[in-house]
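Me: I have a structure open and would like to learn how to read its features. Could you take me through it, a feature at a time?

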Amino acid sequence: MAESLTQVQLATDEVNIVVDTVPQHLPCEIVMETAPRPLLLIQITGLDPWIALRPQRKFELQLVRAGITCNAFIASSTDGVISFTPHTEPVTVGASQSLTCVSFDLINFPHFWAMDSPTTKLPDDHLDIRAGDWELYVRPQRQTDETAVFRSTLYAVTHSCTLRRNALFTSDDAQAFLALLHDALSFAAGQWVGQVFVRGFDQDERQVWEQWGTGRLHPHLGPVHTWFDLHHGHALAALLPGMLAVHRDETRAKNMHSAIYWYIRASGVAPGVDGGIILLQAALELLAWQYFILDRHAPAPKQFLKTPASDRMRLLLQACGIPINIPTELTDLASVAAQRHWQDGPKALAGVRNQLVHPGTHQGMPYYDAWRLAEWYVELVLLHMLSFQGEYSNRIKHRWVGEVERVPWA
């Protein structure tokens, strides 16, 4: 059933499905569709094609050999084959208590180079990362039939990776690490970076666990400028230990994920810079809540909760060693701030945000400058909370690739 130009066959199986209260047992194939966008499909042969026109939209599919059950929706009907797409992906298949390695590919992570030492450059797109007792090896795209199916520049397989540990590990451990790695790589790229063809192997090199699908993923619409400099790829190695430390606490991990989610949403084209300002201030207020209330750094929590948003952001930035003055490069924001007596960056950011969400005139607001400032603040606060001490690309300054500076608190 799979077409080699746009699809990769992941498995063949048999499916139990109930249609109009009638149970059916039919053959199926699980494929990865790559155009126009990556999509996991369960293609069932033998169903009545008129099923696509019936009121029932959601179906429970039991895949016999895979031993999984998932909710799915009809995606298409062609030549006697009904294609379903799972409600959520990736779909986890199998489990193991004794993995030795996991292989997977990245979709839409930018090409980079890294330094092996202060004077020695690694080959392009090569990086070995050690975080805790984990080892991650990032390499250029592997040349295989399944990776070659990703032909679109919007969704391209860019890197191939191997994950190991200094002892046997479980598939649950691997899944947790891949989730935090997804956040870390996406935070660096400024867009959701997909993981595809995730496969776990045991001591006998047998594949005993896998994930079907890609999870959250953005199309590549052009360069996205972030704190991560493409000529300093080794910054990723300094980021992951901090992510591991944060994920030891469930609440901190959840709040970190939410802040990264809002940061990435604000970095894209969908919300615009005005919508991005609202999301970024929400991220800063969440991080302030984490730092001062949950981490108990506020000397007087009740007073902290009563302070205006600008004051809470100011306290957070100062606690992280981040400058609060309005950068001179943001000339439009500085001009409006002087007119409205906004004495510093947090006050100006809150002022612009309030103009957006409250009734009144929105004319003359320096949205782009405020968005740049908010992006910078969120990047630096996240890096500080991840214990990052290295070099980063300062988005406030007009820099070229390769030009970096130390984080303010280092």
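Me: How much space lies in the second largest pocket?

Reply: Here is the general idea: rolling a probe the size of a water molecule over the atoms shows where empty space is left. In this predicted model, the second largest pocket holds about 480 Å³ of space. A pocket here is an open set of points on a 1 Å grid over the protein atoms alone, where a 1.4 Å probe fits, with protein on both sides within 12 Å along at least five of seven lines; lining residues have an atom within 4 Å of a point. Grid points are joined across faces, edges and corners, and the volume is the space filled by probe spheres set on the points.

Me: Which residues are the closest to the centre of the second largest pocket?

Reply: Of its 19 lining residues, Pro 90, Gln 175, Leu 178, Ala 179 and His 182 are the closest to the centre. Helix H2 (171–189) gives the most to this lining, with seven residues. H2 and strand S14 (194–201) are the elements that give two or more residues. Helices (H or I, at least four residues) and strands (E, at least two) are DSSP runs, numbered from the N terminus.

Me: What is the volume of the largest pocket?

Reply: The volume is about 1100 Å³. Its lining counts 42 residues, and Gly 222, Pro 223, Val 224, His 225 and Thr 226 are the closest to the centre. H10 brings the largest share of the lining, four residues. By class, the lining has 19 nonpolar, 16 polar and seven charged residues. In this scheme Ala, Val, Leu, Ile, Met, Phe, Trp, Tyr, Cys and Pro count as nonpolar, Asp, Glu, Lys and Arg as charged, and the others, Gly among them, as polar.

Me: Now the strands. In what order does the closed barrel run?

Reply: Strands of a sheet pair through backbone hydrogen bonds, either parallel or antiparallel. Here six strands form a closed barrel in the order S1-S2-S3-S6-S5-S4, with antiparallel pairing. From one strand to the next, the twist averages 45°. Strand S1 (residues 7–19) and strand S2 (residues 22–33) pair over 12 bridges, and two strands count as paired if DSSP finds at least two bridges between them. In the loop between S1 and S2 lies Thr 21, whose phi is near 70°, a positive value in a residue other than glycine.

Me: At what angle do H7 and H9 pack?

Reply: Two packed helices are described by the angle between their axes and the distance between the axes. Helix H7 (residues 309–319) and helix H9 (residues 345–357) pack at about 145°, with axes 8 Å apart. Axes are lines fitted to C-alpha atoms, for helices over the stretch in contact, and angles run from 0 to 180 degrees between N-to-C directions.

Me: How are residues numbered?

Reply: Residues are numbered from 1 along each chain as its sequence is written. Local features need pLDDT of at least 70, side-chain atom pairs count only at pLDDT 80 or more, and totals for chains, interfaces and linings use all residues, while side-chain values use heavy atoms, leaving out hydrogens and water.
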